[in-house]
Structures are given as C-alpha cells and as structure tokens.
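Reader: I like labels that can be checked. Please give me the value behind each one, and the cut-off it is held against.

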Amino acid sequence: MQQKVLVIENSQVSLNLMEKLVHKANLTPIGARSLTEAQYKFSHATPEDYLCAVVGYQLPDAPRGEAIDFTTSAFLPTIVVTDEISNDVRDAVLARDVVDYVPKENNQVYDYIARLLARLDKNRHIGVLVVHGRRGPRAYMASLLYRHNFSVFQVGSAKDAMAALAQRPNIQLVLTDSALPDESGTRFIANLRKLFSKEQLAIIGIADGNSAALSAHFLKSGANDFLRLPFCHEEFLCRIMQNVELMENVESIRSAANTDYLTGLSNRRHFFYTLSMGYQTLPTPHALALLDLDFFKTVNDTHGHDAGDAVLKAVAALLTRHFNDELVARFGGEEFCVYLPQTDADTAIERLEAFRRQVAALKVEVDQGGPLTVTVSIGMTFQPANSIEALLSAADRLLYQAKAQGRNQVCSDS
Ligand SMILES: Nc1nc2c(ncn2[C@@H]2O[C@H](COP(=O)(O)OP(=O)(O)OP(=O)(O)O)[C@@H](O)[C@H]2O)c(=O)[nH]1
C-alpha cells in the first residue's frame, strides 16, 4: 500500500503543487488547509499509514509554526516548507525536531522536496552506522538520521563497527570520527575498503576541527566524503542524501548493464561474468542448457511484435520460477540459457523436460487472437569442459539437433 503524506498548506495553489510532488514520489497526499483540519484528518486515520508531513510555517490558526509542533509530537517526520526566508524563522524551525526546512526561493526547491519525499520512503531500508568514541556527537548524528527515517546503528569503536557490519548487511553508509578509541579513523576506513567497495558502502569521515590535511587524508584512505564538525543540520543531511543517491545511481547503472530490459533476466554478458567469477573450475557433474522457442517468427508475423514480447516475458517468468536457485539468462532474441551446477544428468533431463512441458501448456493472453501457445527446443550438455564457450558450443549443436528432429524436445549428450 502507498504510504500517505499529510500536507498542511494554507493556500490552495501551494496545496495543489505539494500534492503533485507527493504523487511524483509515488505517495498519497492527504491535504489540509489549516491546523484544525489536519488534526481532524490525522485523528481519524491510522498513524502508521503516514510516512511524513509537509507543513507550512504560517497558517491562519497556527501563525508561529504550531502545526510543526503538532506533526512532530505525533512522531511524523516533518518537512517544513515556507515563504518566510528570514533567519529568525529558519532558526525557529530548525530548533524543532524537523527533517528539513525548505524556503520556497526558486523552482529547484520543488525538485528537492520530491527527492526528499522519495528518500524518506527509501531510507527505511537503508542502514547507517555511526562510529564515534564520544556519546554526545554520536547521539546527535543518530538523531538527525532517525528524522530521515534511516535505520540507525551506533557504536563507539572500530572493533564494534566491524562486528555491526558483519551482522547487518543492510548497512550502506558509515559515518566515522577521525580518532576512534582503538584505531585512527583513516586506518579504520582503509581496513573497511579492503572489504567493501565504494559502491557497496559509502563512508563519510567526520573531521573534528579545521585541518584541511585531515579531509584529504580521509579521501585518500578511501572515504567517499567528509564533514567538518561543527556542521549545520542541513549540510549534514544534504551530504548524506547525495552520497546515498550516488550509490543508488551506480547500482541502477550496474543493474541496467546486467539485465535484459524486456524480461528482467540476466543478459549474456552477466551470465558469463557470474559463471566465471563463481567458479575457478566448473563443478562436476553439471549441465548447461540452451533453450530456443520454436517458430517464434510466426508468432511475431501473425500476432505482432507486442504479442511476441508478451510470450518472451511469460516464458522468462516461468523459467525464473522453475529454476529459482540457478543461473538463468536471456541470450538474445528467443534464446535462453540455464546452468545447473552439481546436478546429475538424470535430474537435469527430468527438470528440463518438466520445463519443456510447462512451456507447451502455457497460455499467453494477448490483445488480439489469444491466448497463444508456444513450444521450446532444448540442447543440453553435461561435458566436464572447463571453458564456458566450449559448453555453449556443445549445447548449441544439441539445440540444432533438437530443432532438426522436429522441435519441442530436449536433446542431450548424456
Ligand atoms: N517480439 C520480439 N521478437 C523478437 C525479439 N528478439 C528477436 N525477435 C524475433 O524472433 C524471431 C526469431 O526468428 P527465427 O530466428 O527465424 O527463429 P524461429 O522462427 O523461432 O524458428 P526456429 O528457431 O527455427 O524454430 C525473429 O522474428 C526476431 O525478429 C524481441 O525482443 N521481441
């Protein structure tokens, strides 16, 4: 279910705009034009359904930020949006327990709010580890991170940090002081880099004081970024957001490069990479199967390319379900590949035969002339070859044989 966002804005134009931004972040806006209306709506709802609140500073029945006090006391992460750009208002807002303060200075702020909303939703799944020898700064950073919905963990030493990272795979960001009780911050970062790449774990060094050399030292030791204490609330959170977004962008590029756009399966390149990284020598017994849909050109020619795409997606989904734990890929066109490690020939043939029958029984709903049916020919090799290319050419020969012998069958060299 989409999470809700309570939007409290006194002007209808601003309310409409904010509601659009909330929709853009795939969330559901619940609008109110006064504090009283917001209180009424919130008291008649389930608090857990709400992700956060976007609140105007000045409302007819709440002229000095009382609506902020209402949402923060209801434990709603609160983004304050205001036309008031004075330092007094800014200080009054940031003295409260808010996520962020966004003055409506220019159009960029709307983009920022949409990003912030999407982040609050995503941050729930991101672990952040705060490593600092002193409880005060540690608790301060943790409290800011909690407001942004991160899953926060705090430790006081490098040793405890390593233990926390081993236990909690959802930690994607580490904030570390420069002088930990058991190790220097830079040595700790260098040790972390032996275990995690910059794309797997972002590290922000916290430099105490004014030493420019320390910031450079952090970056050279493998930190993604650094912050100098004392930092302001807004800078801290902007830097965190930037680093987390950068990691996510790298991840989406990586995923796009490894995935077949139509079916979501691994592509040929990723299949080769995973297999070569996973095994120095390919395990025996094993099986590699090449699967090719029969007369697929006729499906396209008769029912159109979209219908062909629907068939490819349906077969890919079946393949994923059937070979849940194995490496499966779309090699291109209507050709797929499955690798079964540590599988004897009888079991492999049984599984591929069962899959072949399921494909033949598949009925794919399409817009015109459906449901469609399709069959698959399979070439499967059990050779103890050590090169992936050799396995593929053996499977390819067997696939050719399956086609030549009438299609809709499995040919193997068992
Ligand atoms: N809809 C759709 N069609 C594709 C895609 N990629 C390749 N094709 C089509 O797949 C068809 C493959 O045709 P052929 O290589 O002649 O093979 P076939 O008709 O399946 O015949 P056999 O393999 O001999 O049984 C061609 O019409 C390609 O245009 C795709 O992503 N979507």
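Reader: How do you know that β12 and β13 pair, and in which sense?

Author: By counting bridges. Two strands pair if DSSP finds at least two bridges between them. β12 and β13 have 5 bridges, so they pair. Their sense is antiparallel. L327 stands opposite Y339 in β13. The two strands form a hairpin with 2 residues between them. In its turn, G333 has a positive phi of about 50 degrees.

Reader: What should I know about the model and its numbering?

Author: The model is predicted: local features need pLDDT of at least 70, side-chain atom pairs count only at pLDDT 80 or more, and totals for chains, interfaces and linings use all residues. Residues are numbered from 1 along each chain as its sequence is written.

Reader: Which other strand pairs with β13, and over how many bridges?

Author: β11, over 6 bridges, again in the antiparallel sense. L290 stands opposite C337 in β13. A287 stands opposite L340 in β13.

Reader: What makes β13 largely enclosed?

Author: Its count of buried residues. A residue is buried if 20 or more other C-beta atoms, placed from the backbone, lie within 10 Å of its own; it is exposed if 12 or fewer do, and partly exposed in between. In β13, 5 of the 6 residues are buried, so the strand is largely enclosed by the rest of the structure.

Reader: Why are β12 and β15 said to stand at the edges?

Author: The sheet is open, with 5 strands in the order β12-β13-β11-β14-β15 and mixed pairing. β12 and β15 each have a single partner strand, so one side of each is left without a neighbour in the sheet. The twist averages 20 degrees from one strand to the next. Helix α14 lies across β11, β13, β14 and β15. It runs at about 170 degrees to β14.

Reader: What is the strand order of the sheet with parallel pairing?

Author: The order is β7-β6-β8-β9-β10, an open sheet of 5 strands. Its edge strands are β7 and β10, each pairing on one side only. β9 and β10 pair over 5 bridges. G205 stands opposite F226 in β10. Helix α8 touches β8 and β9, and its direction makes about 160 degrees with that of β8. Helix α9 lies across β9 and β10, at about 160 degrees to β9.

Reader: Why are α12 and α13 called oblique?

Author: Their packing angle is about 135 degrees, with the axes 6 Å apart. Axes are lines fitted to C-alpha atoms, for helices over the stretch in contact, and angles run from 0 to 180 degrees between N-to-C directions. Under 35 degrees is roughly parallel, over 145 roughly antiparallel, 65 to 115 roughly perpendicular, and the rest oblique. The value falls in the rest, so α12 and α13 are oblique to each other.

Reader: Which residues make that contact?

Author: From α12, F296, V299, N300 and H303; from α13, H305, A307, G308 and V311. Contact here means C-beta atoms, placed from the backbone, within 7 Å.

Reader: Are Q342 and R407 exposed or partly exposed?

Author: Q342 has 10 other C-beta atoms within 10 Å, so it is exposed. R407 has 14 and therefore counts as partly exposed. Most residues other than glycine have a negative phi, and most peptide bonds are trans. Phi of Q342 is near 45 degrees, a positive value. Phi of R407 is near 70 degrees, also positive.

Conventions:
Helices (H or I, at least four residues) and strands (E, at least two) are DSSP runs, numbered from the N terminus. Two residues are in contact if their C-beta atoms, placed from the backbone, lie within 7 Å.
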